[in-house]
Amino acid sequence: MNKNQQESLARFLAVELAANRVEIVNAALLSGGAVQENWALELQVVGGAHSGLLNTVLRCDSPTAGVAISHGRAQEFALLQTVFDAGVTVPQPLCLCTDNAVFGRPFFVMRRIGGTAAGHVLVKDTRYAPDRSELASRLGRELARIHSVKPPVEELGFLQTYTDSPAQYRIKTHRNFLDQHHTAYPALEWGLRWLERHAPTRDLITLAHGDFRTGNYMVDEHGLTGILDWEFAGWSDPLEDIGWFCAKCWRFGRDDLQAGGIGLREHFYLGYEAESGRTIDRDQIHYWEVMAHVRWAIVAIEQAERHCSGQENSLLLALTGHIVPELEWEILNMTEHN
């Protein structure tokens, strides 16, 4: 972030925060974020409701267009505001900017929360949220609050609506991508055909996070501090989020802890059921875990293509593409006897 960007951003924030003046004391690019960039901003705010030192995060588009199926910053800000109002533990959204003249890209600013989101750390280091049964249960309750948002919601009018079942909608979307892609992926085609044959009918439709997993929530030494990354949220079957959270590909090697690598399924399920008042159809979770592996493989192919096409020179994107064979193997294992 150069000096001109900082000065322009400080002027914008002073107006949005109804302050006399805002000084950017420190700006640091945070690690991670293959699709978006996140900047830690330490602000000195003079005047107004936020007067004093204010720790925030600026979230902006990546230098390239990003993954085609992800939301823009204005849409993600609307989602964050909606779930914040619904009682979900998320960073407080502060302001949105769609004027490229301010920073060069659309962005929004939210309060910064403490802790770590690194999945490979959380599954191993129990100094973060040492009571893992409570963490699993808490995450279940948070997910139920997300699923308490049901269509229609005027502020979320940009979300795709469809008459198919969520399963069939996903299958069509993934098949369209594979049909147009330059490389064939027979194992993924097999997975899609299995999903098509076993697809559940359309039932309850709620807001789904779309990427609810270890790595997308923050935890400190006391417990959960916030749910992150709403760029894939949409209307779906709530079981899709549950299957995504429990899928093997998001356990970071802790396959003994099937709830995100941090806890037991039942603790996660029971937290969800206590908050939502609904019983999880456990027989359907396997289906959505297969879907999770297929979907993650498609996203990994998309991200690798951004690197291979020359759009963005990124080792992270290139390495993401290398996980596809592992996901294909897991899809074959999960569907072999079904």
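This is a predicted model: local features need pLDDT of at least 70, side-chain atom pairs count only at pLDDT 80 or more; totals for chains, interfaces and linings use all residues.
Phenylalanine 212 sits in the loop that runs between strand S6 (206–208) and strand S7 (217–219). The relative accessible area of phenylalanine 212 is 2%, so this residue counts as buried, the cut-off being under 20%. Show what surrounds the side chain: leaving out residues up to four places away in sequence, Phe212 touches Leu139, Leu143, Ile146, Ile227, Asp241, Trp244, Phe245 and Phe268.

What does leucine 139 touch, apart from residues up to four places away in sequence? The list is Phe212, Tyr217, Leu224, Ile227, Phe245, Ile262 and Phe268.

Now widen the selection to the largest nonpolar core, which has 72 residues. Within this core, Leu139, Leu207, Trp230 and Phe268 touch the most other members. Helix H10 (residues 285–308) is the largest contributor to the core, giving 13 residues. In soluble globular proteins, nonpolar side chains tend to be buried together.

Is alanine 297 buried or exposed? With a relative accessible area of 0%, alanine 297 is buried, because the limit for that class is under 20%. Beyond residues up to four places away in sequence, alanine 297 touches Leu188, Val324 and Leu327. Select glutamate 326 as well: alanine 297 and glutamate 326 are separated by 29 residues in sequence and by 9.1 Å in space, C-alpha to C-alpha.

Move to helix H8 (residues 238–246) and select glutamate 240. At 6% relative accessibility, glutamate 240 also falls under the 20% limit, so this residue counts as buried. Which residues are in contact with glutamate 240, leaving aside its neighbours within four places in sequence? They are Arg170, Trp288 and Arg295.

**Backbone stops**

Three places deserve a look with the backbone displayed.

- Proline 151 and proline 152: the peptide bond joining them is cis, with omega about 0°. Proline 152 is in the loop between helix H5 (132–146) and helix H6 (166–180).
- Aspartate 229: phi is positive, about 55°, although this residue is not a glycine. Aspartate 229 has its place in the loop between strand S8 (224–227) and strand S9 (234–236). Its relative accessible area is 22%, so aspartate 229 counts as partly exposed.
- Phenylalanine 252: phi is again positive, at about 50°, and the residue is not a glycine. Phenylalanine 252 is found in the loop between H8 and H9. With a relative accessible area of 32%, phenylalanine 252 is partly exposed.

**Helix H9**

Follow the chain into helix H9 (residues 265–276) and select leucine 270. The relative accessible area of leucine 270 is 46%, which means that this residue is partly exposed, as the exposed class begins over 50%. How far apart in space are leucine 270 and serine 137, C-alpha to C-alpha? The distance is 6.6 Å, while the two residues are 133 apart in sequence.

**The whole chain**

Zoom out and colour by secondary structure: the protein chain has twelve helices and nine strands. The radius of gyration is 20 Å, close to the 20 Å that the globule rule gives for 338 residues, so the chain is as compact as a globular protein of that length. Along its principal axes, the C-alpha trace spans about 65 × 45 × 40 Å.

Colour next by burial: 55% of the 338 residues are buried. For contacts between residues at least 6 apart in sequence, 68% join residues at least 24 apart. Switch to the surface, where the chain exposes about 15,100 Å², with 49% of that area supplied by carbon and sulfur atoms. Finally, select the charges: there are 30 positive and 43 negative ones, and their mean positions are 2 Å apart.

Terms used:
Residues are numbered from 1 along each chain as its sequence is written. Side-chain values use heavy atoms; hydrogens and water are left out. Helices (H or I, at least four residues) and strands (E, at least two) are DSSP runs, numbered from the N terminus. Buried means under 20% relative accessible area, exposed over 50%, partly exposed in between (1.4 Å probe, protein chains only). The radius of gyration is taken over C-alpha atoms; the globule rule is 2.2 Å times the number of residues to the power 0.38. Contact means heavy atoms within 4.5 Å. Accessible areas come from the Shrake-Rupley method with a 1.4 Å probe; for residues, only the protein chains shown count as cover. Lys and Arg count as positive and Asp and Glu as negative; His and the chain ends are not counted. The place of a charge is taken as NZ of Lys, CZ of Arg, CG of Asp or CD of Glu. A nonpolar core is a set of buried Ala, Val, Leu, Ile, Met, Phe, Trp, Tyr and Cys residues joined through side-chain atoms within 4.5 Å.
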